[in-house]
Amino acid sequence: AREAAEAMGRGLRQSVSASGGHVPVKAARELHDRLMAPGDVRPSDVVDVVHALARLIEVEELRYERLVGDSGGSHRAGYAIGRILSLVQDDVSGVDVVSKFCLDALTTPSTPPKAQAAGLRLLCAVVSVTGFQFPL
């Protein structure tokens, strides 16, 4: 019975997207890399990339909630949303996307309103999923 339950759980996790969650994670990695690589993205494109990453988090969280039915659980690690959050929150260089494009955008007075709005949307997406567990 336990093996059947584990197999069913694996099947559910893989059904999060058509390719087992790899497509949204790959898209998130590409967006992340565009944001974090200096010179790879024009300043005018940063806002669009931040909005796209926020949208991806919003969509994957909805997919997770519909599949699992648990918006408050901490079992996201095996799903695309967990891998995307890990990518966005943690960066080896010590500068993560949330700090660089959300907190900095919101605390720097010279940041244009469009960039602040994008940063706020991404921050809200991350915080709504993590339940305010992200260290601000």
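Contact here means heavy atoms within 4.5 Å. With that in hand, here are some close-ups of this predicted model.

**View 1. Helix α5 meets helix α6.** On the α5 side (residues 97–107), the residues that make contact are Val97, Val98, Phe101, Cys102, Leu103, Ala105 and Leu106. Their partners in α6 (residues 113–130) are Ala115, Gln116, Gly119, Leu120, Leu122, Leu123 and Val126. Sorted by class, this contact has twelve nonpolar residues, two polar ones and no charged ones. The two axes come within 8 Å and cross at roughly 130 degrees, so α5 and α6 count as oblique to each other. Their crossing is left-handed.

**View 2. Helix α2 against helix α5.** Here α2 (residues 22–36) packs on α5 at an angle of about 65 degrees, and the axes are 10 Å apart. That angle makes α2 roughly perpendicular to α5. Again, the crossing is left-handed. From α2 come His32, Leu35 and Met36, which meet Val97, Lys100 and Phe101 of α5. By class, the residues of this contact are four nonpolar, one polar and one charged.

View 3. Look for Leu53 in helix α3, which spans residues 43–68. Is Leu53 buried or exposed? Leu53 is buried, because its relative accessibility is 0%. Leaving aside residues up to four places away in sequence, Leu53 touches Ala28, Leu31, Leu35, Val88, Val97 and Leu122. Some of these turn up in the other views too: Leu35 and Val97 take part in the α2 and α5 contact, while Leu122 belongs to the α6 side of the α5 contact. Arg121 is 68 residues from Leu53 in sequence, yet their C-alpha atoms are 9.6 Å apart in space.

**View 4. Helix α4, mostly tucked away.** Eight of the ten residues of α4 (residues 80–89) are buried, so this helix is largely enclosed by the rest of the structure. The buried ones are Ala80, Ile81, Gly82, Ile84, Leu85, Leu87, Val88 and Gln89. Val88 is also one of the residues that Leu53 touches.

View 5. Across the protein chain the mean pLDDT is 77, with 71% of residues at 70 or more. Confidence is highest in α6, at 89, and lowest in helix α1 (residues 2–14), at a mean of 54. Over residues 15–19 the pLDDT is below 50, and this stretch has nine contacts in the model beyond near neighbours in sequence. Where pLDDT is low, the predicted coordinates should not be read in detail.

Technical notes:
Residues numbered from 1 in each chain as written. Predicted model: local features only at pLDDT ≥ 70, side-chain atom pairs only at ≥ 80, totals over all residues. Heavy atoms only, no water. Helix = DSSP H or I, 4+ residues; strand = E, 2+ residues; numbered from the N terminus. Buried < 20%, exposed > 50% of the residue type's maximum accessible area, 1.4 Å probe, protein only. Axes fitted to C-alpha atoms, helices over the stretch in contact; angles between N-to-C directions. Parallel < 35°, antiparallel > 145°, perpendicular 65-115°, else oblique. Left-handed = near helix turned anticlockwise from the far one by under 90°. Nonpolar A, V, L, I, M, F, W, Y, C, P; charged D, E, K, R; others polar. pLDDT = per-residue confidence, 0-100.
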